[in-house]
Amino acid sequence: MLKKIRTAIKKYDMINKGETVCCALSGGADSVAALIGLTELSGEMGFSLTAVHINHLLRGEESGRDENFCRNLCEKMGVPLTVFQRDAAAFSHSLGTSVETGAREMRYEIFEGLPADKICTAHNLDDNAETVIFRMARGTGLKGLTGIPPVRGKIIRPLLFCTRKEIESFLAKRGQDFVTDSTNLTDDYARNKIRHKIIPAMSDICGGFPNNVENLTLSLSEDEDFLTNAALKCKNDDLRALHPAVRKRVIILQLKEHGINVSNKQVEAVENILRGGKITLGNTVLHLTDGRLYFTENESIEEIPSQNIEKEGEFAFSSDKIVIISKAKSEKMNKAQIINKNSTTDLLDYDKIKGSIVLRNRLRADKFKPAGGKHTKELRKLLQEKLPIWERGKSAVIADELGVVWSEHFGIADRVKPDANSENLLKIEIKNRSEQ
């Protein structure tokens, strides 16, 4: 078994000379074998070793027993040990997941914060077979059938090619005991049912079953790598021209690049609009045009009540803005300042306003031609070019009966721009409440 561990470390470049490796130690046979195996190889391969034990506080006295076992073992072996006591049940409840899933999330969250170059988890060949069967039951694709990866980031699994029997034999030869988690003896969890019922049945049908799964996963991993590399090369091609296996991977790559959590349902939704159209996923709108995928943000407009502006004053807008409206006579102001304004205060020709005016948030149909501009554009598109998505939905607007006369971020509309003949002006200022 030690030879298999050494081979796995070298083949998958798991550990570099001079690195610190932290072994995740539960006290069970697998993790104890990993600790001993790494200890025996550390001098030869030039790395230092530490250990971590996480007490999930799930099994009362038994959890305490496991923790004490790990403390005593590491003390005897001279391996520095860090112990965490975390309430896995409470953590899982906060995530809304099963205890099995939540405990795993909690462990890997702790692993990420450890001061080590690599974290060794003791997954073995039997675990890999169980994982493949579990994913098959859930309807996985090719990637899911590749099983547990030997390396994922800083996580390494040097026991992944050793069977559980080999591990127990390794410990027996060294006279090393271990603890047994009583929950592993029940069928309360899905993995236990696979371990106790399905794996033995598969082994009866075809001997050497876990090793056969190893051959399967290694072969499928090569196929998956080939298809993923092909997708990377075709990422900007016409999706309609791609083989479905490559196309799906291109879609997955593009969704991930835009921060969208990927599921089979979402990939199918994109494929359903291959001939053109759009779908919305969360806050993102996906457009397919000429076989290519385009992403735009689906902004939400904050609901802010409209306010009629019948007189001068200060008007609260959203939770953090105040719009100040006042009137002025042009003869009291510098003409150059009015016509070629460079100040932060906006001035418009009050006499060019049609009907009553209101202060409101932007409407999706609003169009706007800024003062001095050549073209009328959708205000929505102007804001997309200038503001992050979280700011666009609370952009203040003043409008008359013909439409927008002032925009918070673009100033006055061209049709109400003051000129040499302007007499009555409307002065608009906007301040954050923090400035008051």
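Helix H10 (residues 209-233) and helix H11 (residues 244-257) pack with their axes 8 Å apart, at an angle of about 65 degrees. That angle makes H10 roughly perpendicular to H11, a term covering 65 to 115 degrees, whereas angles under 35 degrees count as roughly parallel, those over 145 as roughly antiparallel and the rest as oblique. Axes are lines fitted to C-alpha atoms, for helices over the stretch in contact, and angles between N-to-C directions run from 0 to 180 degrees. Helices are DSSP runs (H or I, at least four residues), numbered from the N terminus. This is a predicted model, in which local features need pLDDT of at least 70 and side-chain atom pairs count only at pLDDT 80 or more, while totals for chains, interfaces and linings use all residues. Residues are numbered from 1 along each chain as its sequence is written, and side-chain values use heavy atoms, with hydrogens and water left out.

In the contact (heavy atoms within 4.5 Å), Glu 224, Leu 227, Thr 228, Ala 230, Ala 231 and Leu 232 of H10 meet Ala 245, Val 246, Arg 249, Val 250 and Leu 253 of H11. These residues divide into eight nonpolar, one polar and two charged; Ala, Val, Leu, Ile, Met, Phe, Trp, Tyr, Cys and Pro count as nonpolar, Asp, Glu, Lys and Arg as charged, and the others, Gly among them, as polar.

Helices H6 (residues 125-137) and H9 (residues 190-205) cross at roughly 105 degrees, and their axes come within 10 Å. H6 and H9 are therefore roughly perpendicular to each other. H6 contributes Asp 127, Ala 129, Glu 130, Thr 131, Ile 133 and Phe 134 to the contact, and H9 contributes Ala 190, Arg 191, Ile 194, Arg 195, Ile 198 and Ile 199. By class, the residues of this contact are seven nonpolar, one polar and four charged.

Helix H2 (residues 29-45) packs with helix H3 (residues 61-77) at an angle of about 10 degrees, their axes being 12 Å apart. That makes H2 roughly parallel to H3. Val 32, Leu 35, Ile 36 and Thr 39 of H2 meet Phe 69, Leu 73, Cys 74 and Met 77 of H3, a set with seven nonpolar, one polar and no charged residues.

A search of the whole structure finds one cavity of 30 Å³ or more. A cavity is a set of points on a 1 Å grid over the protein atoms alone where a 1.4 Å probe fits but cannot get out, and lining residues have an atom within 4 Å of a point. The largest cavity holds about 40 Å³ of space, the volume being that filled by probe spheres set on the points. Its lining consists of Ile 309, Glu 310, Lys 311, Ile 325, Lys 327, Tyr 350, Ile 357 and Leu 426; five are nonpolar, none polar and three charged.

Definitions and conventions
Helix = DSSP H or I, 4+ residues; strand = E, 2+ residues; numbered from the N terminus. 1 Å grid on protein atoms, 1.4 Å probe; cavity = no way out; pocket = protein on both sides within 12 Å on 5 of 7 lines; lining within 4 Å.
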